[in-house]
Amino acid sequence: MRAARLIKMVLLLQSRPSMTGPELARELEVSERTVARDVLSLSEAGVPVYADRGRAGGYRLIGGYRTRLTGLGRSEAEALFLSGVPSALREMGLADAASAARLKVSAALLPELRDAATGAAQRFHLDAPAWYQEPRTPALLPAVADAVWDDRRITARYLRKDTEVERQLEPYGLVLKAGVWYLAARAQGDFRVYRVDRFTAVEAPDGGGDGAEGGPTGGRFVRDEAFDLPAFWAERAAQFARSLLREEVVVRLSARGVRRLPHVTERAAAEEAIEAARSGDGPDAQGRLTVRLAVESAEVAYAQLLGLGPEGEVLGPPALRERFAAAARRTAALYS
């Protein structure tokens, strides 16, 4: 631990003209007294650290000294590729590894390029959680992430509706979707998706196992090199979205309603419905287009299609049309 801290101190001083004691203490998460002792240790080891006295003083390296201790470890290199999503790194317990990786990269750059990382971070930021939701980190996410990084089988207990089930999983990858974490894992030969916040227990035994299919539950498994996490997620997400659309409504839309429909209901379903209607009978004499729209339920359709206002007329099913007619009468009464 102390050796790693000393290396980090050298890299910090190498990447900046000078740093004060409080600044180093804050970066290294130690006391200023510890910083002073570490500086003395570095000096005794031959690292030319110089201390400037006074109010504007601080620590700096003398004579353009540069260390070659900039090689990235595996965890640091892997974390570096995720550094665009800082909240995800924190939740998976990788913030320290990412910080060390960025520092090593910064130390390896020419002096005139060392502000590149800061400049990019001040101009681009990815905010993963959805609006109006308080993001919650699943308690077991770090354990699941460790197993994913290490290709290690896990025994997981999982809430499915009102029951708790146990599964032996080969965790392949994690996906952060609108602030919710999902695990893509192989179970009994099939790839499936699990919400991490529904795990109640996760165990990754250290037992042996050669990684062969169907081997012991402990130890590592051999990844299927053909597995493509982004492609798998895109396919499953599309399947999930389609599986929710179990009913159909018929809507007559104005030109403005056609443009609005993808914004008030499921986009892919709306675009498919519009394209099918245009390829079929097309707009009527009034320029309105009648679409057959797949929806999750009549209740969901009612909530969504109200957003069209007078730009959409629900034609069926009859019960839903009557509900819209009643809503229109109540609205008209409010403005009469």
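Here are some notes on this predicted model, point by point.

1. **Ground rules.** Because this is a predicted model, local features need pLDDT of at least 70 and side-chain atom pairs count only at pLDDT 80 or more, while totals for chains, interfaces and linings use all residues. Residues are numbered from 1 along each chain as its sequence is written, and side-chain values use heavy atoms, with hydrogens and water left out.

2. **The overall picture.** The protein chain holds 13 helices and 10 strands; helices (H or I, at least four residues) and strands (E, at least two) are DSSP runs, numbered from the N terminus. Of its 336 residues, 36% count as buried. Here buried means under 20% relative accessible area, exposed means over 50%, and partly exposed is in between, using a 1.4 Å probe and protein chains only. Taking contacts between residues at least 6 apart in sequence, 60% join residues at least 24 apart, where contact means heavy atoms within 4.5 Å.

3. **The largest nonpolar core.** A nonpolar core is a set of buried Ala, Val, Leu, Ile, Met, Phe, Trp, Tyr and Cys residues joined through side-chain atoms within 4.5 Å. The largest one has 23 residues, and the members touching the most others are Val 249, Leu 253, Leu 261, Val 291, Leu 293, Leu 305 and Leu 320. At least two residues come from each of β8 (247-253), α10 (255-264), α11 (267-279), β9 (289-295), α12 and α13. Helix α11 gives the largest share, five residues. A second, separate core has 18 residues, including Ala 145, Ala 147, Val 148 and Trp 181. As general background, nonpolar side chains tend to be buried together in soluble globular proteins.

4. **Helix α12 and its buried face.** Ala 301, Tyr 302 and Leu 305 are the buried residues to look for in α12. Seen down the helix axis, the buried residues of α12 fall within an arc of 105 degrees, so they line one face; the arc is that of the directions from the helix axis to the C-beta atoms. These buried residues pack against β8, α10, β9, β10 (312-316) and α13.

5. **Where α12 meets α13.** The axes of α12 (residues 298-305) and α13 (residues 318-335) come within 11 Å and cross at roughly 35 degrees. Axes are lines fitted to C-alpha atoms, for helices over the stretch in contact, and angles run from 0 to 180 degrees between N-to-C directions. On the α12 side the contact uses Ala 298, Glu 299, Ala 301, Tyr 302 and Leu 305, and on the α13 side Leu 320, Arg 323, Phe 324, Ala 327 and Arg 330. These contact residues divide into seven nonpolar, no polar and three charged. In this count, Ala, Val, Leu, Ile, Met, Phe, Trp, Tyr, Cys and Pro are nonpolar, Asp, Glu, Lys and Arg are charged, and the others, Gly among them, are polar. Leaving aside neighbours within four places in sequence, Leu 320 is in contact with Val 249, Ala 298, Ala 301, Tyr 302 and Val 314.

6. **The loops on either side.** Glu 296 sits in the loop between β9 and α12 and is partly exposed, with a relative accessible area of 37%. Not counting residues up to four places away in sequence, Glu 296 touches Leu 244, Leu 245, Arg 246 and Glu 247. Leu 244 is 52 residues away along the chain, yet its C-alpha atom is 5.2 Å from that of Glu 296. In the loop between β10 and α13 you will find Pro 317, joined to Gly 316 by a cis peptide bond with omega of about 5 degrees.

7. The buried residues of α2 are Gly 21, Leu 24, Ala 25 and Leu 28. They fall within an arc of 100 degrees seen down the axis of α2, so they line one face of the helix. Gly 21 has 14% relative accessibility and, beyond neighbours within four places in sequence, is in contact with Glu 32, Val 35 and Tyr 59. Glu 29 follows α2, with a positive phi near 60 degrees. This residue lies in the loop between α2 and α3 (32-44) and counts as exposed, at 70% relative accessibility.

8. **Another positive phi.** Asp 151 has a positive phi, near 50 degrees, and is found in the loop between α8 (141-150) and β3 (154-160). Its relative accessible area is 22%, so Asp 151 is partly exposed. For context, most residues other than glycine have a negative phi, and most peptide bonds are trans.
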